[in-house]
Amino acid sequence: MKKVKLPLSEETIQSLRAGESVLLSGTVLTGRDCAHKRICEMLDSGTPLPFDYKGQTIYYAGPCPAPRGKACGSCGPTTSARMDSFAPRLLATGLKGMIGKGERSEEVCKSIVKNKAVYFAAIGGAGALYGNAIKKSELIAFPDLLSEGVYKFEIEDFPCIVAIDCHGGNIYSH
Amino acid sequence: MRRIHTEEIRDAVYKLAQRACLSLTPACRAAMQTAAAAEKSDSAAKFSLETLLKNADIAAKEQMPVCQDTGYAVILAEIGQEVFLEGGFLGDAVDEGVRRAYSDFYFRKSVCDPLTRVNTADNTPAALHTEIVPGDKISLTFLPKGFGSENMSRLYMLTPAKGRTGIVDAIVETVRLAGSRPCPPVICGVGIGGTFDICAFLAKKALTRPLGSQNPREDVASIEREALEKINSLGIGPQGFGGSTTALGVLCETAPTHIAGLPVAVNIQCHCMRCEKVIL
């Protein structure tokens with residue numbers, strides 16, 4: 001399987017094609033419904049964010065608590081469609097990658113192409129396997145949201161399928 | 001009259017939650033294996049099913065939740081009318097079992113206020129359904145329900161004229177509209193008849209039946225078979241990557257309804273079917 005380093009370089013993004021399986025390694029930030037809402041409210045009010053997502057990849061996920069001896073508990077992807085109303089804004093302001101599960105809206109697909117980004121599908125339900133691929137975890141924002149807060153993960157050989165690429169390829173349009 | 005202390009129920013719920021969240025049901029695992037073998041080699045569909053089987057092995061070996069969405073704790077309690085419950089309140093005992101299990105076994109706490117979205121931080125309250133049944137036993141069923149699939153569920157208030165065809169169409173339409181979002185291959189729990197509320201409950205209760213089982217009524221079983229066949233020709237496939245397995249099963253339960261109506265509820269369950277039962 002093709003190995004892909006995160007954060008993504010422009011060349012890497014250009015080389016990815018929908019349907020190919022990849023192993024991701026490097027840094028990702030997590031964000032679910034509440035974190036996205038809060039990020040967009042902070043952008044609206046001009047409040048500085050406690051982290052920078054420019055050039056980064058967001059993993060739509062909320063982990064189980066880490067048992068002793070592990071960096072993270074089970075942590076598979078959540079349904080990406082719930083983040084569709086926020087994603088174009090984040091892509092327009094520098095977000096380069098998204099990891100989640102399931103199809104995206106037409107608007108998100110267009111925004112991926114326009115902003116030269118990529119959407120990876122992780123395998124929904126494989127929480128234990130993905131939890132083990134997370135080697136370091138740090139809560140970097142919104143601790144009051146518990147599992148919905150923003151975590152910074154170091155992942156290693158995290159299996160995904162390129163779902164929507166920057167050339168408009170889309171695995172869900174079969 | 002048989003006396004059962006609610007502390008016994010608390011401890012039973014605790015053990016059920018532990019067992020349920022750490023493993024797939026054997027019938028679900030077997031269905032996934034069959035599905036993986038049926039998908040084309042080198043396809044994304046096969047890759048995803050094989051990854052999920054590997055995941056189930058890791059979860060069992062390392063005692064990690066199969067899926068991070070350890071769900072809303074749905075509990076069906078069938079209470080024999082000859083049972084006298086002593087000790088604290090039943091609902092509190094069930095919630096305490098959930099609270100302790102979700103804390104001790106590192107399960108995710110996923111329950112929040114619907115408006116403020118503030119998390120209750122201990123995964124309570126449980127969704128406790130009680131039914132009074134004949135006898136002197138208590139049957140407890142624990143179904144940790146993930147919401148990626150719950151969100152894709154639908155309720156139809158069909159007219160009687162829609163009949164059997166309308167029921168099959170409603171089931172297939174629900175899965176088609178859900179597409180890749182609920183983690184296919186899915187399992188459909190279907191309620192047919194009753195009232196608005198009974199119909200939705202029947203759909204949930206149907207999901208506690210073993211995968212592969214058939215409704216004892218032949219006319220209902222034939223709806224299960226036909227809907228499954230139509231769903232699997234939709235082409236959505238595992239994770240929505242395309243393929244021949246979009247659902248692993250359709251489980252229908254019925255109840256008498258009103259002469260003016262035909263309620264049909266379709267409760268979608270993802271492939272991560274976790275369900276444990278005990279009889280006290």
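1. Let's start in chain B of this predicted model. The side chains of B:Arg19 and B:Glu276 come together in a salt bridge, 3.1 Å from N to O. That pair ties distant parts of the chain to each other: B:Arg19 sits in helix H1 (residues 6–22) and B:Glu276 in strand E10 (residues 276–279), 257 residues apart. As for solvent, B:Arg19 counts as partly exposed, at 37% relative accessibility.

2. Staying with chain B, have a look at B:Asp69 and B:Arg108, another salt bridge, whose closest N and O atoms are 3.6 Å apart. Here both partners lie in loops: B:Asp69 between helix H3 (44–62) and strand E2 (72–80), B:Arg108 between helix H4 (90–104) and strand E4 (127–133). They are 39 residues apart, and the pair again links distant parts of the chain. Both B:Asp69 and B:Arg108 are buried.

3. Over in chain A, A:Asp157 and A:Lys3 meet through their side chains in a salt bridge of 3.2 Å, N to O. A:Asp157 is partly exposed, with a relative accessible area of 31%, while A:Lys3 reaches 60% and counts as exposed.

4. For the overall tally, a search of the whole structure turns up 31 salt bridges over all chains.

Terms used: Residues numbered from 1 in each chain as written. Chains lettered and ligands numbered in written order. Predicted model: local features only at pLDDT ≥ 70, side-chain atom pairs only at ≥ 80, totals over all residues. Heavy atoms only, no water. Salt bridge = Lys/Arg side-chain N within 4 Å of Asp/Glu carboxyl O. Buried < 20%, exposed > 50% of the residue type's maximum accessible area, 1.4 Å probe, protein only. Helix = DSSP H or I, 4+ residues; strand = E, 2+ residues; numbered from the N terminus.
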